[in-house]
Amino acid sequence: MRHLFPRTTWFAILILAAVAALLPVLNLCFPDGHLLHISGYAMGIVAKFMCYALAALALDLVWGYTGILSLGHGVFFALGAYAHGMYLMRAIGHDGVYQSNLPDFMVFLDWKTYPWYWSMTDSFLYCMALVILVPGILAFIFGFFAFRSRIKGVYFSIITQAMTYAFMLLFFRNDTGFGGNNGFTDFKRLLGFSLTSPATKAVLFLITLFFLLGALVLCRWIVTSKLGRVLQGVRDSESRLMFIGYNPLWFKLFVWTLSAVLCSIAGALYVPQVGIINPSEMSPANSIEMVIWAAVGGRGTLLGPIIGAFTVNGLKSWFTAAFPDLWLYALGLLFILVTLFMQQGMLGVLGKFKKTKEAA
Amino acid sequence: MSYVMSGVLRPGQQYSSATGDQGVSYQRIKQAGVDTTHGAILYLEDIVVSFDGFKAINHLNLDISVGELRCIIGPNGAGKTTMMDVITGKTKPSSGSAFFGQTMDLTKMNEVEIAHAGIGRKFQRPTVFEQHSVFENLELAMKMDKCVVTTLFARLNSEQRDKIAVVLALIRLHDQGRRPAGLLSHGQKQWLEIGMLLIQEPQLILLDEPVAGMSDAETARTAELLNELRGKHSIMVVEHDMGFVTEIAQQGKVTVLHEGSVLAEGTMQQVQVDERVIEVYLGR
């Protein structure tokens, strides 16, 4: 594991992780108004960004390394969030507005019982299994047919876009049984712990950090293995790969499914901390935004997309507060500038800077 | 039939590189599936490939003996590359049969299966993994189980490293192992691609214009390399460069393709004086 990253990179990662881990401690140990106090709001933002970073990391595995551009990863993110959301809705119990056994939106639709696909969702473990299995199986089936038909490049991207759009329309319908356009919200507790308590938030924050770090190490291990070199071979010269005896189908399918599952985990971590999931998360624009995170940070680097997710979302938070109307223009401009002037993203610029310094 | 069985490497037999490293050699592993009892490794019979009515290959018959180095020449559009596509499974023929050894029906196999069966192919334009180092290119190509799980956990052992070193020496890139393949010269990329074929330990090697775009010195070196490989693998070379073909064909058979079928077959001297060949290709 020590050899996965260069020593200085390991240092930087561990220091950043330690700083992040300190945030919930500062939040809990120092009272409101104290100089060292970190507000729950700030912590929530960082937690949200970490979820986005995990999604961007997952995307980098397929886009940066394997050359498969997905414009529909939002669907996996949202499915993970919905799968966890089902448990959270069940955990509300009788504390909803209508104080019924059923979630408020079902009462509103005048449903008397849960539909069949909600069965067993009161079990946390079952819902966690759904977080892995539903996007995993969807990605596997979708990927199998797409890759077997040798659909590549922009055609594949368009199909992923269509897929997330189709799911968005499906989830917008009230009859689908996932709360229509309001989605799931108003969560109360997770495994008996109140979601509003600072301690629960701190633990969720740390779990998210742990998953982000774990996923980073896992992805790094994969891309530095021989399999990682085969994946890059898929990106650079797929026909050569076939003629030396690798079947690209299974390699693509492996990385595509893994990426979908990682993205889904990001969604599952997102939902209790942000407190809402609705179908707009599946809108094509959201998936494209994920691609921009990866592109801005530097694709094909794993660390880049994480940095990109924090940077772009940090900008977004500031922009949408300061100039709410201009954000989409700024995002578009950012994407154009990155495409034209820094194709390797922020990490690429950093690398170039280092090289010129060494040369001087 | 005029093939020489004794020159062909047998299972477990080794050969060492010409450029030093006498102690190390890479082993040939028997291709379990290839049955070459009748002396031929490839049979193409009455192959037709048509693209929207245009017959790129028109009732082509060809067979290659074990250990033979066969040169295929022919003008542009004669169907040389299409024939290689048929052999490697990239294109399915409209009719006809293609057999590898006595039993393997190539028309029913895909590219990956054919590669594992023991047919290696070099493309017209050099295709190597430019982002990977020369060493990693050979590592990826090396003959072994190539499914997802084994690939994920694969680590090179010292024997495999030695194999790579032998091939590096053979293709004259022994001091370039760590260099990204994208930085190699055109000729070096061609050699690397040949090296990637060799380390797959194929029974039959297909080379599509191996000296296209090479300097004279590189062409001479490639001829030298092919002469070293002669008899150890069955090799099919498609080439335009007549000097190069004369150099490597020696007394072996040369096949002239024209409009998708065989126009003439014989030694280089024989086909060079053939009236029809002169008309369509050599002469003006």
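Modeller: Happy to! Let's start in helix 11 of chain A, where A:Ser287, A:Glu289, A:Met290, A:Val291, A:Trp293, A:Ala294, A:Ala295, A:Val296 and A:Gly297 are buried. Buried means that 20 or more other C-beta atoms, placed from the backbone, lie within 10 Å of a residue's own; 12 or fewer makes it exposed, and anything in between partly exposed. A helix here is a DSSP run of H or I with at least four residues, a strand is a run of E with at least two, and both are numbered from the N terminus. This is a predicted model, in which local features need pLDDT of at least 70, side-chain atom pairs count only at pLDDT 80 or more, and totals for chains, interfaces and linings use all residues. Residues are numbered from 1 along each chain as its sequence is written, while chains are lettered from A and ligands numbered from 1 in the order in which they are written.

Helix 11 covers residues 284-297, and its 14 residues should span 20 Å at 1.5 Å a residue; the rule is 1.5 Å times one less than the number of residues. The C-alpha atoms at its ends lie 21 Å apart, which agrees. Just after helix 11, A:Gly298 has a positive phi of about 120 degrees.

Elsewhere in chain A, helix 2 (residues 40-65) packs with helix 7 (residues 198-224) at an angle of about 20 degrees, their axes 10 Å apart. The pair therefore counts as roughly parallel, the label for angles under 35 degrees. Axes are lines fitted to C-alpha atoms over the stretch in contact, with angles from 0 to 180 degrees between N-to-C directions. Among the residues that meet are A:Met43 and A:Leu54 from helix 2, and A:Phe205 and A:Leu212 from helix 7. Contact means C-beta atoms, placed from the backbone, within 7 Å.

How far can you trust chain B? Its pLDDT averages 83, and 87% of its residues score at least 70; pLDDT is the predictor's confidence in each residue, from 0 to 100. Over residues 10-31 of chain B, pLDDT stays under 50. Where pLDDT is low, the predicted coordinates should not be read in detail. For the complex, the predictor gives an ipTM of 0.85 and a pTM of 0.88.

Definitions and conventions:
Two residues are in contact if their C-beta atoms, placed from the backbone, lie within 7 Å. Angles under 35 degrees count as roughly parallel, over 145 as roughly antiparallel, 65 to 115 as roughly perpendicular and the rest as oblique.
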